[in-house]
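Hi there,

Here is the structure I promised to pass on. Have a look at it first, and then read my notes below.

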Amino acid sequence: MPTTGTSTVSVVTTILLLLFLTTITTTTTSTPILGLDSFLSHHSHLDPHATNDTFLSLSSALKKSLSSTLRPPPTTSSLLSLQITSPIHIKLVGPSSSFPSSSPHLLHSFLSAALSSDHFHVITPFLHSHRLSLTHSPSFDVSLSSSSLSSTLFNTIKSQIASTPAPLRSNLISISYSQIDTIIKQDYEKEKPLHGVYIYLLNLGSQSKPYAYRYTETDSSLGVTKCSGSIWTGKNRYLWIDLGAGPVDYGPALSGDGVLPKGEFHPLTAVHGRVKSQKGLLADMASLIWSAYKVLLLPSLRIPVGFENQLVVQFIHVHGVEKDYKGLDFSEIEKSFVDGGKDSGLLFGDQELRFKKYDVDMGECSICSFAISLATTSYTSRYLFENYTLIVSEYLDSKRLHQTLSESQDEIRRLAGLPEEDFGRVLPVYVFDLDVNSILLLDRYHQSVAFKDMVIGVRTKNTQTVSDYSCNGRHVFTQTRELERPLVGSILQSMWGVSPTHLVWSAQHNSTIVDYTWSVGHTPFGPFSELSSLSFIQKDAARRNVLLTSLNYTITSAIDVLESIAAHGGERKLLPHNQLAEFIQRWNLFKYKIDKVVSSLSHLDFEMGLYYLRSSDHDLYAIHSLVYHASQDMEASLVCFEDPPFPWPSFLMSVGIFFVLMYAYSQRDKLFSNKRKQF
C-alpha cells in the first residue's frame, strides 16, 4: 500500500508539472494581454481611419504588460509564420442513398488527408518573386443538409424539366438556375451566425432527362451559343454545385489547356458514367472542393495592389464619325461595380469609386491612328475546303499598342481633355471603336486586355466571329460588338488585382495554370460567361488583395528592421536602456496588431483588418525611427593593443649566424685550398 500511494503521488506530481510546463509554453508563445483587445476595439470606433497613434494613449499597466519578459522576442520567423485560416462549411444535399450518414466523416477525412498550407501568390508581380510572405490553409466542416431541402430541390428541378421543351441541337435540357438558387439562398440565410463560405454539393438523384443550368433568359440559337453549366456562385458567401446536372463539357475546341472533358474523368462529372463506390465518389468531391478553394475562394493575385482612398476609372472612347453605344453602355459597366453603393462589397468604407467618360474623334487623333497601324499584325491559318487553303488574318498586338499609348499619354490627354488627378489611383480605359468591317481582336483572341496601368478594348463593325472554344459540343460565338462584360473583367484585374476564374499560379509548375472548370455561371471572366455582375468571389478578392499587398509590404519592412538590428549586434547592444523598453513595447504592440489583421482576414472582416493594418503603421514607423537614431548615435570604439616585445633571442641568433657565415666566406681560401703532397 505505501508503494501504491507513493506511485500515485508521483503520477499526480508529474501531471501537474506537465500542465505547468504547458502553461509556461503557451504563455511564452501567445500571452494574452488583458485589456488591450478592448482598448483597441474602443479606439477603432473613435478613430476608424487609425489616424492617431494608439501607443500614446496606452495606460501604464498596458505598457507594463507589453514589456513583459514572457512575450516572445522579436524574430523574423514570427512574421514569416503568419497563416490565414479560411473556414469552409460543406453541406451535402441529397437523399440517404446519395449521402449516407457516414459521408460527412469520410469526406472530411479525405479533405484532411490533403490538408496543407500554401503561400499566397501573384501571377504578375512587380518584382521577381511570385510568392507573398503569408500562408493560408482551409478549415473544413462537413454536414448533411435536411431532407426537406433535398426533396424541395428535386421537385423544383423535376417541374422545370417537365415544363421546358426539348432542345433540337442538344441532349441537355436547359433550366433556369434562379429557382434553385433562391431555395439554396434561403437555406444559407438560416445559418446563424454566418462564418466563412458555404459550399452546397447537390446529388439529388437521377431525373427523367439530362439537364444543365442556363444563366441568361434566352437559350442558345444557331448564331448564339449559351454555355450551360452545373455551378453557381452567389452574391453572398455561398456556392452550389449540382453533381447530377450534365454532363457538361467546355474549353478550348482544338488545342490548349483547361478543358473540362465530357465523361467521368473530371470530378465535376463524377456521378455520370460508371457507378462508383461511396469512397470513390467522395474522393472526387474532395478533389473538386480543393480546386474550388484554390481557384475561387483564395485565388492568386493578378497584380499587387495597394490601398487608395480615391479610385478613378477614365473611359476614353476613341470612335469614328458615328457613335454607337449598343454593346458599349458605360453606365451598365459602372453599375456592375457600384451596385449597392457602399454595401456593394467591393470597396472599403472610406473608399470612393468614380467613373468619368471622355470622347476622342479618331479623325482628330493622329497618334491613335498611328498606334492602331503600328500594332496591327497578321497571322496565317490553314483551312481545309476542297483542298488546304492559307488565309491571312489580322489582329492587334496589345503590348505594342500599350507601349505606344504609354509613350503618348500626354497628347491623348490633351485631345480628350482629361484633367490632372492629384490623388488616388487613376485607371485609363482606352476603347477603340474602329470603322472597319473586318475582325480585329487583341492578341487574336481577346476583346479587351488588362495591364497594370491601363485597360485596352477594341471592337469593329463586325458583329460576331467563331472563337477557338467549344461548349457542350458547339463552337462558342464571340459577340465582338459586346464589350461590357470583357471590360468589367479587365477593370477588375487592373484596379483590384482580381485574377480571372481560369487562371491560378502554381508554385510546383512555376507557371500559370489554366483551368476553365469555374468559368461558367456568375463570373465576368472567360469566353463562356454572359454575365457582367459580380459574385462574392470577385468582391472578397478585391478587398483581400489590397490587404494582402499592404500586409506583405509591412512584414517585409519589419523584417528589414530586424535584420538591421541583428547587423548591429542585437537590440540590447544597439539601443540604450530607456529606448530598449520602448522598442519592446512597440514591437509587441505591432505584432499584436499584425496578428489581429491575420485574424480579421480569416474571419473575412476586411474593415477591421484594414484598421489594424493602418494602426500598425504607427508602431512600425516608431520602430524604424528608434533603430535609425540609435544606429546614427553609435560611436565606433577603438581598442589599442600593446606592441609585442622585441624578439631579442631570435635577432641575436640571426646576427651570430650572419657573422659566422661572413667569417667563413673571408677564410674560404684557407679552409678550402688544395693541399700538396710533400715528400
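**A surface patch, to begin with**

Phe646 has a relative accessibility of 48%, so Phe646 counts as partly exposed. Please keep in mind that the model is a predicted one. You will find Phe646 in the loop between H17 and helix H18 (648-666). Phe646 belongs to a nonpolar patch on the surface, together with Trp648, Phe651 and Leu652. The accessible area of these four residues together is about 460 Å².

**The sheet**

Next, the strands. Six of them make up an open sheet with mixed pairing, and their order is E2-E3-E1-E5-E8-E7. Strand E2 (118-121) and E7 are the edge strands, each pairing on one side only. On average, and with direction ignored, neighbouring strands of this sheet are turned by 30 degrees against each other.

**Salt bridges**

How many salt bridges does a search of the whole structure find? The search finds 18. I picked out a few for you.

One of them is between the side chains of Lys91 and Glu191, with 2.7 Å from N to O. Lys91 sits in strand E1 (residues 83-93), while Glu191 is in the loop between helix H7 (178-190) and strand E5 (197-202), so this pair ties together parts that lie 100 residues apart in sequence. Are the two partners buried or exposed? Lys91 counts as buried because its relative accessibility is 9%. Glu191, at 23%, counts as partly exposed.

Another salt bridge joins Arg237 and Asp540, whose closest N and O atoms are 2.8 Å apart. Here too, distant parts of the chain are linked: Arg237 is in the loop between strand E7 (231-233) and strand E8 (238-242), Asp540 is in helix H14, and 303 residues separate them. Arg237 is partly exposed, with a relative accessible area of 22%. Asp540 has a relative accessible area of 6%, and since buried means under 20%, Asp540 is buried.

**Helix H14**

Finally, back to the helix that carries Asp540. H14 covers residues 536-567, which makes 32 residues. From its first C-alpha to its last, H14 reaches 46 Å, close to the 46 Å expected at 1.5 Å a residue. Why is H14 described as largely enclosed by the rest of the structure? Because 25 of its 32 residues are buried. After H14 comes Gly569, which has a positive phi, near 95 degrees.

That is what I have for now. Happy browsing, and do write back with any questions!

Best wishes

Conventions:
Residues numbered from 1 in each chain as written. Predicted model: local features only at pLDDT ≥ 70, side-chain atom pairs only at ≥ 80, totals over all residues. Heavy atoms only, no water. Helix = DSSP H or I, 4+ residues; strand = E, 2+ residues; numbered from the N terminus. Expected span 1.5 Å × (residues − 1). Buried < 20%, exposed > 50% of the residue type's maximum accessible area, 1.4 Å probe, protein only. Patch = residues over 30% accessible without salt bridge, like charges linked within 9 Å, V, L, I, M, F, W, Y side chains within 5 Å. Areas by Shrake-Rupley, 256 points an atom, 1.4 Å probe, with all protein chains shown as cover. Pairing = 2+ DSSP bridges. Axes fitted to C-alpha atoms, helices over the stretch in contact; angles between N-to-C directions.
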